[in-house]
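Open the model in your viewer and keep the selection panel at hand. The tour goes stop by stop.

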Amino acid sequence: MPETRILLKHRDEPGIEDIETYERLGGYTALRKALGMERQEVINEVKSSGLRGRGGAGFPTWIKWDGIPKNTNQPHYVLCNADEGEPGTFKDRELMLKCAHQIVEGIIIAGYATLSKVSYIYIRGEFVESAKMVRKAIDQAYRKGYLGKKILGREDFDFDLYIHVGAGSYECGEESALMSSLMGERGQPRLKFPHAPLPVIAGAWNQPTLINNVETYSVVPHIIVNGGAWYASMGTQGSKGTKIFSLSGHIAKPGNYEIIFGMPLLDLVELAGGVTGGNLKAIIPGGSSVPLIPAEIAKDFTLDYEASQTVQYRMRTMRLPVVGSGGMMVFNDRTDIVTLMLRTAEFYAHESCGKCTPCREGTRWLYKILYRIVSGGGRPSDLDILMNICDGIDGRSYCALGDAAAWPIMGSLKHYRHEYEYWIEHKRSPLGDNFVPPVPNRLNLNFELLPAR
Amino acid sequence: METNGNEGGHRFSQKSIAQLDEIITHYPERRAAMLPALWIAQREYDGYLPPEALQEVADRLERPLSEVQAVASFYTMYNFRKRGRHHLEVCTCLSCAVRGAYEVMHKLEKELGISAGEVTVDGEFSIAEVECLDFCGAATVVQVGDQYFGNVTAENVDMLLDQLRNSDSHTPVELADALVKIMTPGGSEAAPA
Ligand SMILES: Cc1cc2nc3c(=O)[nH]c(=O)nc-3n(C[C@H](O)[C@H](O)[C@H](O)COP(=O)(O)O)c2cc1C
Ligand code: SF4
Ligand code: FES
């Protein structure tokens, strides 16, 4: 199956960063069309498209849009999550770099549909190149009257779009932490539903707030121009339209690939030129937060929100996601899974915001124990301890970062237990003596449990 | 840097004050301009945030110093020590790790005679390990100031160092300046293409 480029259609078009080129290729006709529709009609179109959020959780987009209170004088905010930080994911970076106007147009339509006057795009501070393109797109859109006062002559539609840049924190991609960071605080999450109102009722500055991912907004103009039914004609029962997957790792042609939902996982690997440096060992299909899939069972998976992996722990059966953010990392058979998990654990330990105990302590313990195993000090009981810690984090942490830290390790313990056991028994990698694990030691952890290095 | 007659040892230039005033209007509360103000401070104070810089942000946003410290210390891109003129941030996260990021890191440490987290004696370079820069298709990725360098290997990293030695661009100040311009409406006209 080939690619189906909708969002990335114009990525190689020279001058696409200029508004004139974008308009010539049909840009901002969706906005004109939307402004000719009732606000509820716009939401209904998004509903019939079946669009689900592309930030990782796959939440139906229209429910958020429809949930913003109507007929109030409260300020409403529209936020665009461009804090892309999930390891393996680089689709939002390219969408901003190559197709910034598409995002801006989607945000303005969302603002119109939700009666909002102000919006912010929160871009991670590292993305300077991409953010410059968004700046340029916004400045041009103001000049053309697509942003600002009385947009396209509509007396009742004023709308501003500001850029807020982050300063280095994965956790700020979590929507409530993003709002904290936007309001000038530490990037820590806030109490969530059902313990607190949903963001659509009380989000940023306690006002109704819509938050979606860059890719989600990028889809909107296409839905408005071609209709929700057109979009829903692509994909599977529960996953409509196209999704961008970012391929990296041991892959011949790394990069972003836009495909229709439902494609077999291995077809996408083929599309990206196949595995390099050896045979396929495992794939992390949707960013570091989803568990890896071993080559032996990879043929059983398709890329859609329905696909999931089952993990058992004591009395609990969990179905873990496959698609996630679309950051697909491919690993060949020279990859040591235990070291890979050590590096994953290090990421989460470093990025844990520290607000809740299961994640703050648990991620560090996972890291310490994995570190002990690859330093040659592993004990047979370590595997149970790892699983126990994962169980202590999963479902018990304040935000989803904790769960995401536990899942990959739970998955690897299911599929690669023998590799852990080999490490513990032989104090070296099952890949052979020449294998030198990269031993990260950048965290300021307390290593008293570890043997001297 | 001139002080523009600022009281209390404040260092923000007139331009920075104007930019901060503009950015404050984007939010319903003054305090929301905390991250932008810290970026302006990092530009004005030579690429890092000494205690005076945090104090100036606290004064300008009318917030307690402790709050400014608490916020600034949460984020990894605010520097509390002076970095090298070129601060090399090597991504060693998953996709980069399996494509030789640690070899790049070790080569840099050897070549520059410093470890991750340190600055060379001449102040030219500093290195750090960072988490995923989300450009994994071009692993290994190294960020230097406002620029990403992709497909860096232990073999070609020398060329990168040579290029940087001869370049006045991609400094920590330039990174902060680029981000402030990005947050300023009309900033794209001022920014180079
Ligand atoms: C730890 C963590 C990090 C996240 N990072 C991002 C991110 O970088 N970008 C993003 O769009 N969503 C991210 N999310 C998901 C957001 O919380 C939120 O679900 C999303 O922005 C909603 O937009 P959508 O409905 O369009 O997907 C993250 C979630 C968690 C728990
Ligand atoms: S789960 Fe982790 S990141 Fe989320 S609130 Fe708890 S400590 Fe912070
Ligand atoms: S792993 Fe290095 S950029 Fe993502």
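Which of the 13 residues around ligand 2 come nearest? Select A:Pro189, A:Cys353, A:Cys356, A:Cys359 and A:Cys399. Here, near means a heavy atom within 4 Å of the molecule.

Before moving on, note that this is a predicted model: local features need pLDDT of at least 70, side-chain atom pairs pLDDT 80 or more, while totals for chains, interfaces and linings use all residues. Side-chain values use heavy atoms, without hydrogens and water, residues count from 1 along each chain as written, and chains are lettered from A and ligands numbered from 1 in written order.

Stay on the shell of ligand 2. Color it by class: seven residues are nonpolar, four polar and two charged. Cys and Pro count as nonpolar, Gly as polar.

Next, show both chains. The contact (heavy atoms within 4.5 Å) takes 63 residues from chain A and 50 from chain B. Three salt bridges link the chains; each needs a Lys or Arg side-chain nitrogen within 4 Å of an Asp or Glu carboxyl oxygen. Zoom to one of them: A:Arg343 with B:Glu131, 3.1 Å from N to O.

Last, select chain B. An automatic or database assignment gives domain 1 (7-79 + 174-190) and domain 2 (86-170). Their C-alpha centres are 27 Å apart.
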